[in-house]
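Me: I'd like to learn how to read a few features off a model. Could you take me through this one?

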Amino acid sequence: MRTHNTNVVEFAQTVSCTKKFRHDYPIPEPLKKLLLIDIYHDFTGFVLSQYLSEAQPFIDEFLSFHPTQSNKKFSLEQNLFWWYVLYQNSVNDEMNVIDQYVLENKMKYRKKQIIPAWLNEWGKAVPKFYLIRNKHDQQKYIIEDILNRKEVEVSLNNEDFYFHEGALVAGILIPIGNSVYFPVVDFYNFTYETSVEILTYILFYYKNYYDTTTSAYQLFLHLFSAALQIENQIIEKTNEQA
């Protein structure tokens, strides 16, 4: 397991001097709280106000073809919304929502260069599938990207969530320094009993049919759609046999 270098002060990122956010460099705890609480809520509120009405028809259509359990619907809607935002961000050659937010807050953040640097990392984020490997402490998990097999440490703000080892989840990770990440919204957590079959399908498709000209966002949506259908079919079959 990776060893943190939180005591290497010379590598710490600061609010005023950091122009490029480094995933592996630590940041001071007060700055971390500023990003995770104040900036997170302000930025995500801005994105919702800009994109929700535009994204809603896409979300509604997707949900109509992918029924899910009522306790998972909100998580599904949130992850679909952020997929839409980041996909639009990736194909927009002009000003995207991150640029727009930074521009509108230019004076406010003129002495806090780490904020636009951090937000630029949001624009690089791609939704992915992960396997829960183990719980590191009360709020941190080690998870594995199922396609490249890389492990990352994830910090969860919601203490009510508990993931079993081997569980399959989908979501979007944002860096918060020191090689730790957090999901922009709660992971979509596939029903544990469906994880193996879904994982088998995803890996088979990726190995045999993935076209490298397909964007990472389009690939995820295709696989997410198939995974949800598999999950629903297994649940329905299990209920019929009960």
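Me: How many residues apart in helix α1 are E29 and K32, and by about how much of a helical turn are they separated?

Reply: Before that, some ground rules. This is a predicted model, so local features need pLDDT of at least 70 and side-chain atom pairs count only at pLDDT 80 or more, while totals for chains, interfaces and linings use all residues. Residues are numbered from 1 along each chain as its sequence is written, and side-chain values use heavy atoms, with hydrogens and water left out. Now the general idea: an α-helix has 3.6 residues a turn, so residues three or four places apart point the same way. Here, E29 and K32 are three residues apart in helix α1, a separation of about one helical turn. Their side chains meet in a salt bridge, 3.9 Å from N to O. By salt bridge I mean a side-chain nitrogen of Lys or Arg within 4 Å of a carboxyl oxygen of Asp or Glu.

Me: Are E29 and K32 buried, exposed or partly exposed?

Reply: The cut-offs are these: buried is under 20% relative accessible area, exposed is over 50%, and partly exposed is in between (1.4 Å probe, protein chains only). E29 is partly exposed at 45%, and K32 is partly exposed at 22%.

Me: Which residue forms a salt bridge with D42?

Reply: That's K108, with the closest N and O atoms 4.0 Å apart. D42 lies in helix α1 and K108 in the loop between α3 (97-104) and α4 (114-122), so this pair ties together parts that are 66 residues apart in sequence. D42 is partly exposed at 34%, whereas K108 is exposed at 52%.

Me: How many salt bridges does a search of the whole structure find?

Reply: The search finds nine. One of them pairs K140 with E153, at 3.6 Å from N to O. K140 sits in strand β2 and E153 in strand β3, so the pair ties together parts that are 13 residues apart in sequence. K140 is partly exposed at 22%, but E153 counts as buried at 3%. There's also a salt-bridge network linking R133, E144 and R149.

Me: Which residues does D145 touch?

Reply: Contact means heavy atoms within 4.5 Å. Leaving out residues up to four places away in sequence, D145 touches K128, F129, Y130 and K150. D145 lies in strand β2 and is buried, with a relative accessible area of 6%.

Me: Where does T191 lie, and what is in contact with T191?

Reply: T191 is in the loop between β7 (188-189) and α5 (195-208). Setting aside neighbours within four places in sequence, the contacts of T191 are Q69, K72, E231 and I235. T191 counts as buried, at 17% relative accessibility.

Me: How many of the residues of α4 are buried, and what covers them?

Reply: Eight of the nine are, making α4 mostly covered. Among the buried ones are W118 and W122. The cover includes α1, α2 (73-91), α3, β5 and β6.

Conventions
Helices (H or I, at least four residues) and strands (E, at least two) are DSSP runs, numbered from the N terminus.
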